[in-house]
Structures are given as C-alpha cells and as structure tokens.
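Please examine the protein–DNA contacts in the structure shown here. The questions that follow take the DNA strands in turn.

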Number of protein chains: 2
Amino acid sequence: MSEPLSEPLRQFIDAVFPQFSVDWSRVEPHLETRSLQKGGLLLREGDPCDFVGLTLTGCLRLFFLKDDKELTLFFCPAGSLLGDYQNLRQRRPAIFSGQAIEASEVLILNRQVLALLEAAPAGPQLMRLVVEFLAFRLRDRLLSLYRDTPEQRYLALLETEPELLQRVPQHYIASYLGLEPESLSRLKRRVYQRRLS
Amino acid sequence: MSEPLSEPLRQFIDAVFPQFSVDWSRVEPHLETRSLQKGGLLLREGDPCDFVGLTLTGCLRLFFLKDDKELTLFFCPAGSLLGDYQNLRQRRPAIFSGQAIEASEVLILNRQVLALLEAAPAGPQLMRLVVEFLAFRLRDRLLSLYRDTPEQRYLALLETEPELLQRVPQHYIASYLGLEPESLSRLKRRVYQRRLS
DNA sequence: AGCAGGCATTGACGTGGGTTAAGTCTTTGC
DNA sequence: GCAAAGACTTAACCCACGTCAATGCCTGCT
C-alpha cells in the first residue's frame, strides 16, 4: 500500500504553519487525485470553481484569456497551489484555466477538505497564512509586470528559474512574460548578441 | 467631545465581518491619527513598516520607485486601507511610499492594535478576511495591468471612478496607468478625436 | 504686478512589441 | 518512413510609448 493522500498536504502545511494539527483520518476520505495528460485541463474558465489543487508531480500553468490569446499567470510545478481562490471564495465561475504542461498529478482539495482544515483548532490561522501565501505570490507578479520590462523579466527568470526555461515550451514562457512568441525570439537574440560584445 | 477614534475602524470591520466583536475600550488607547498636508508622506520606502493606515479624509496614493520614477499602485480615498502589508508581516523595510494627494487624515493601526484585533475571539477570521480583501485588490490590479492596454485601463477608470479623474493630478493618473504623462495626454487626444467620428 | 515653478500639452525622433507571412526544424501519428 | 502538425525563428511593416525639448497655462509668492 502506498502513502496516504494526505501526506503531501501535510508537508505543504508543515512548511507554512508547523504548529497546525488536525485529525487527518477525517480528511483522508475526502481527498482525491487527478491525473492529467500533457495538455489536459484541470480547470476551465467559466467552470464553477470548488477546489484548489496541489501539484504532486509534473507541472501545470494557470492562464486566462485575453481576446483569443492565452495569458499565463503562474507556472505550478510540484508543490504549488493552483486554482482561482478568489472565485472559489465568492462562489463565482473561475476566470482562470489550469492546464498540464507535462503529464501531471494533482491533489484536489475540495470544499469539504477546506472546511475540515478551517474547522481545526488553528484553522483560521492556517487559512490566513495560505491566503497570505497566495497574496504574496500575486504581489510579486504584479510588481514584476508593473516595474520591469519584458527583457528584465526574462533575465530574472533565467536567473531564478533556469530549469523552467528548459521544461516549458517557449510560447508559454512568452505568454508568462507578457509577450508574443515572436517578440521573445527577438528579445533573446538581442540579449545574446549583446553578450558577445 | 468628538467621536472615538475606534469608530471608523468599527465601520470598516463591520463592512467585511459584521459578526466581529472586541473590547473596543482596550483598543482605543492605542489608536492615533496622523494629519498630512497635500504632498506629505505617511510612509517612506525603506522605513521599517509597523502599521497599516485607514484613510479618514482626503486621498493618498501608494507608490514605489522604478529607477528614478514613481509608479502609483493604488489610490486610497477615505475608507481605504493602505500600507505595505507584506513587509509589515515579514518585518522588512517598506518598499512602498504613501503620499497625501490632498490634505488628509489617516487612522494608524499599529502592531498593538493589530495584535488586539487578532487576539479577539474571531480575530483570525477577521485577519483572514482583511488579507483576502487586500489580495483581491492586488489581483484585480494585476489582471488589469496584464490583460488590458493603457487605453482600456483609462476608459475603465473613466467608467468606474470618474470622480478620481477630477480629484487627482494627471501625472499621478498616468503613473497609475503605467504611462508617462506625455503618453496619457496623447492617449486622451486619440480617444476624444475618435469620439468625434 | 511680476516672476518662478509646476503641470499639461504638443512635436520630433528612436525603439520595442504586435501582426502577418514565410521558412526551418522537430515532433507526432499513421 | 512519411506526411502532417506544431514550435521556433526571421523579416517587414505599423503603431504606441519613452525621451527630450519647447510652449503655454495656472498658481502661489514676493
């Protein structure tokens, strides 16, 4: 028998709030995983939005539509939370879609699981930390989009997440940087030509 | 005698979490207000960051520096929270500055006040809602910067906050939209010329 | 009144990104 | 192994924004 589904969730929580405790035997039966092929959708814009995912293996991306184009907001490799938290809370349809970039496995935290976590003694504190975690990620992304040029963002990505640039197709990287694929090509050429001098 | 300082705070909390209760007589002595002249700074980038503000009257803006230029992240008219929440929590220096656009008065929620609120029976739930409130504001700003063109952002502002466009000098509006003042001038001209046809 | 400083506008110019189209290369499926 | 589809690159053209500079308006100060 393999490890219980709650194990990765416990590890995630341990990292943000080690003091947290809950009766995991009550959580376990509500947990499930979803397996996705490369390109498969975990969540589709417009769907009712009643879970948060935790990537177990592989890598997903969270994106939304601008006109007919897809804009990638976050990459979610193993250990990342993904979903449309705001519309989960407000019980509105999701405005994000979640797609597997590689074959991936995701732990589903549905409303029952979230309710059990919240009902635990330190549940509200945990939820606050999780929301902070999400908010900080949003803030960093906002600052980088607001303050930096696409070139600065590319160089920063090269610096901080070089493995992502290997794993993820270029057109997703472009969309993450806020560019068209053609512009990323040119940008890279500029950068590398400048490196030669 | 005028109304207690806690009154506007109670109103703000009532709006997000009506069930909340706390012994306000213990909070009151830690509250203070700060009066700012037009142009005055409530918070300066690099300062240690140990309070959140609640605008009582007037209007402030939250901005940060990109190279030598100021980028305006939020406008904070009466009733708004302002401050660098992330760096308050992480006890790092602020990366935002807060400046009064008009003569303004701000209620200061220092660490003691926040601790008292958090220690109340439903304190953690309240803090969670406040963080969500801040996170949702960040998310909306992020989506608008990511998805919309400066022109779309200008038109949206015209639609949703027409009074702000009257109150706030153009170069702050430009900086909020992510533009130089010259570009906002031209953008407006484009829009109005197009309206004629 | 007169002057200075700040703010908004306009123009000229350069640049980077969007768009379209074409071409190369790799991957996928049969 | 071959054909089709998809991914990345390059090129040409256009346009919006940044920059620098000049002008004009308004406010406040002396």
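A polar contact is a pair of N or O atoms within 3.5 Å; within protein, one atom must be able to donate a hydrogen and the other to accept it, and residues adjacent in sequence count only if both atoms are side-chain atoms. This is a predicted model, in which local features need pLDDT of at least 70 and side-chain atom pairs count only at pLDDT 80 or more, while totals for chains, interfaces and linings use all residues. Residues are numbered from 1 along each chain as its sequence is written, chains are lettered from A and ligands numbered from 1 in the order in which they are written, and side-chain values use heavy atoms, with hydrogens and water left out.

Q: Which residue has a side-chain N or O atom 3.4 Å from a base oxygen of DNA strand C?
A: On DNA strand C, a backbone N or O atom of Glu180(A) lies 3.1 Å from a phosphate oxygen. The contact with a base oxygen, at 3.4 Å, comes from the side chain of Glu182(A).

Q: How many residues does α9(B) give to the surface near DNA strand C?
A: A residue is near a strand if one of its heavy atoms lies within 4 Å of it. Helices (H or I, at least four residues) and strands (E, at least two) are DSSP runs, numbered from the N terminus. At least two residues each are supplied by α9 (181-195) of chain A and by α8 (170-177) and α9 (181-195) of chain B. The most comes from α9(B), with 5 residues.

Q: How many charged residues does the surface near DNA strand C have?
A: Asp, Glu, Lys and Arg count as charged; Ala, Val, Leu, Ile, Met, Phe, Trp, Tyr, Cys and Pro as nonpolar; and the others, Gly among them, as polar. In total, 17 residues surround DNA strand C. They divide into 3 nonpolar and 5 polar residues, and the charged ones number 9.

Q: Which residue has a polar side-chain atom 3.4 Å from a base nitrogen of DNA strand D?
A: A polar side-chain atom of Ser185(A) lies 2.6 Å from a phosphate oxygen of DNA strand D. For Lys69(B), the distance from a polar side-chain atom to a phosphate oxygen is 3.3 Å. The base nitrogen is approached at 3.4 Å by Glu182(B).

Q: What percentage of the atoms of DNA strand D within 4 Å of the protein belong to sugar or phosphate?
A: DNA strand D is surrounded by 17 residues, including Gln170(A) and Arg190(B). Of its atoms within 4 Å of the protein, some belong to bases, and the sugar or phosphate share is 72%.
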